[in-house]
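Biologist: I am new to this structure. Could you take me through it, feature by feature?

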Amino acid sequence: MLTADVKTQIRTIYKGIAAALPNFRSRREQNYIVAEISKTLAGEYDKQRRIIVVEAGTGIGKSLAYILGSIPLALASKKKVCIATATVALQEQLLHKDLPFFLAQSELDFTFGLVKGRQRYVCLSKLQMLIGADDGTQMAMWQTKPDTSQVELLQTLFKQYHEGKWNGERDTLPEQLPDHLWQQIACDKHSCHKQLASHRNCPFHKAREDIDTWDVLIANHSLLFADLELGGGVILPDPEELYYIIDEAHHLPKVARDFSSAQSTLRGAIDWLEKIDKTSSKLQTQIKSNHIIAPVQAMHDHITDLTGMLNQIAHYCDTQTARFDNPENRFRFEHGKLPDGLLSQAENIASTSSKALKQFNKMQNLLAEAIKDGEIAKHQAEQLLSETGFMLQRLENLQKLWKMMAKVDNAKGAPMARWIELITGKQLDYLFNASPIEVGFMLEKLLWDKAAGVVLCSATLRALNNFDHFTRQVGLSINDGSRFLALDSPFDFEQNATLYLPKMDTEPTDDKYTEELAKQIITLIDGEQATLVLFASYWQMEKVAELVESKIKTGLQIQGTASRQEILTKHKQRCDNNEPSIIFGTGSFSEGLDLPGDYLTNLIITKLPFAVPTSPVEQAHAEYIKIKGGNPFLQLTIPDASRKLIQSCGRLLRKEQDYGRITILDRRLVSKRYGKSLLDALPPFRREIE
């Protein structure tokens, strides 16, 4: 229960923050969110189901609301708080602005920090070997022959770390490294062992020691799932001891699905299985213990079996070329069902790869013991750990993929999406893929059922004015004890913005629609200072750009011609100089883009954001809904478009005093039956419909 002391503490902190912020306006909506979050996490509504879903419109101040609603309670309950976000921008805002301010004003005693995955930290041991050693192992460690400048760059990094000028994190590099170079020096879970003397004080393990002392942890959604997949409590604290704040929660279903998927090639896998065989033989010569002999021999037998089975499936795919005769070079199994012959092979590969994985783990444990006992020289140990770690990751992935391919789908739930992609190159290869369609059951098992409490929040969680679509995606229910809260933005939409639907001769399905778009856009930007035009596809954006460029004298910037940051910087500079500026962007510019005040007063949305189900997972989902007697367009496409349209319109008003016009050039909003539902779900802008 929420004690009187914690309630008083929250009120006192809120008053202190109000006094410290100039022009602070106390908002009823923000106060309500704070109270509802703290009550839910304290178990006042449901002791077993401490979950609240909050849609907080722009301008409410949700970050302060969830910080104030969770941290005082967590400290009083001896719990910790994990704030997981989807974007780096929000992580940095929390780390450098929101939490330091809250710490200073609240007078609470708590620590916080940003949790990063292993790949964000340098492995000093790898770095040291790559820049050269007296024993001649340097060249063997490079994946490709380095040039002098690469070696010198890494030597400088090594020096900067030991002089205290760099802390070993990729995000604080004095000079950014290319991906391929960073990957060769990045920490990884298989070769970076704390029991090795050379790894005990590495940046990653130092960072992990800090995490144990933090009361509030900032993470991204991917790291959250990495921890949950390991059972929880491995990277982050135990779920039972943690209040999770999942911000930007509308990303959660896709991140969960992507994290649960797996893929692996056939002939590519055969190639690296041969390398694993050679690595196993190398281990047998390096490790003195007789215990290595049996797993190496068993591993050799398993690799022979796996290679034979993968070759058989490759030959089967070679005979199915007609099935790949489509623009995507893809063959999706209807209803996720593999043919009987292929299913039995999948079961055999799943079983054999599990056995191989077991033997390889035995070998790696024996290698760790030999290194600990000093039987293997340091440079050889590092090389072997790096090599076996790389192989182990691939073997784990192979086993995961074929286990998912062979799994019997639950009759009560959605089947797995399973498909093959043809890869053309020096040799024909086939990429096998498996992904869950729905992830609610997984989230229930890994998170909802385990966590001390969960807050899911975003400015856009509802679709068509309800939470139904989101709850289906994440496995929650309106009646399961979870709390649901939707609070509108305090902005005066009717006063500050106009929603304009001009007359048009065509709809998006018409061949002449693109030409009409170009004509409308030229008219709509005339005399305007700051314009953002959002397109549903790159193709249409580029085609319209071709048609209008000669008629727009200056100020047009097109997504893809420069980085997002460069485009925004140039746009703001032009606006500051009272010069007209126009940005053409696609869906990625409809979210997380903050152009307040005079930086955006003219927003043009060319087309309703209907996602065409081109991905195999989306196609499989639509197929499953049809089998259940549903309508994929009404159950998936329309709700998804509603949320995205709200998000796109949300680019215009970022602060209370902002103003402008939103134009939507898609007459289906008035010509189709579903249009009214999409319009009604938008904020109450002043409307002009021709």
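Biologist: Let me start with one residue. Which residues does Arg267 touch, not counting residues up to four places away in sequence?

Modeller: First, a caution: this is a predicted model. Arg267 touches Ala314, His315, Asp318, Gln427, Leu428, Asp429 and Tyr430. As for its place in the chain, Arg267 is in helix α12, residues 267-286.

Biologist: Is Arg267 buried or exposed?

Modeller: Buried means under 20% relative accessible area. Arg267 has 14%, so it counts as buried.

Biologist: What does the side chain of Arg267 reach at 2.8 Å?

Modeller: The backbone oxygen of Leu428. Leu428 is also among the residues that Arg267 touches.

Biologist: How many bridges join β6 to β9?

Modeller: Four, and the two strands run antiparallel; β9 spans residues 429-435. For a landmark, find Gln263, which stands opposite Asn433 in β9.

Biologist: At what angle do α13 and α14 pack?

Modeller: At about 150 degrees, with the axes 9 Å apart; α14 covers residues 340-372. An angle over 145 degrees counts as roughly antiparallel, so α13 is roughly antiparallel to α14. The crossing of the two helices is left-handed.

Biologist: Next, strand β5. Why is β5 said to be largely enclosed by the rest of the structure?

Modeller: Check its residues one by one. Five of the five residues in β5 (242-246) are buried, so the strand is largely enclosed. Leu242, Tyr244 and Ile246 point one way, while Tyr243 and Ile245 point the other way.

Biologist: Which strand pairs with β5 over five bridges?

Modeller: That is β2, residues 80-85, in the parallel sense. Lys80 stands opposite Leu242 there. β5 is also joined to β10 (453-458) by four bridges, again running parallel. In that pair, Tyr243 stands opposite Gly453.

Biologist: One more sheet. What is the order of the open sheet of seven strands?

Modeller: It reads β14-β15-β13-β16-β17-β12-β18, with parallel pairing. The edge strands are β14 (556-558) and β18 (686-689), each pairing on one side only. Neighbouring strands are turned by 15 degrees against each other on average, direction ignored.

Biologist: How many bridges pair β14 with β15?

Modeller: Three, in the parallel sense; β15 spans residues 581-585. Look for Gln557 opposite Ile583 in β15.

Biologist: Which strands does helix α20 touch on this sheet?

Modeller: β14 and β15. Helix α20, residues 538-548, makes about 150 degrees with the direction of β15. Then look at helix α21, residues 564-576. It lies across β13 (530-534), β14 and β15, and runs at about 155 degrees to β15.

Methods
Residues are numbered from 1 along each chain as its sequence is written. This is a predicted model: local features need pLDDT of at least 70, side-chain atom pairs count only at pLDDT 80 or more; totals for chains, interfaces and linings use all residues. Side-chain values use heavy atoms; hydrogens and water are left out. Two strands pair if DSSP finds at least two bridges between them. Axes are lines fitted to C-alpha atoms, for helices over the stretch in contact, and angles run from 0 to 180 degrees between N-to-C directions. Contact means heavy atoms within 4.5 Å. Buried means under 20% relative accessible area, exposed over 50%, partly exposed in between (1.4 Å probe, protein chains only). A polar contact is a pair of N or O atoms within 3.5 Å; within protein, one must be able to donate a hydrogen and the other to accept it, and residues adjacent in sequence count only if both atoms are side-chain atoms. Angles under 35 degrees count as roughly parallel, over 145 as roughly antiparallel, 65 to 115 as roughly perpendicular and the rest as oblique. A crossing is left-handed if the near helix is turned anticlockwise from the far one by less than a right angle, and right-handed if clockwise.
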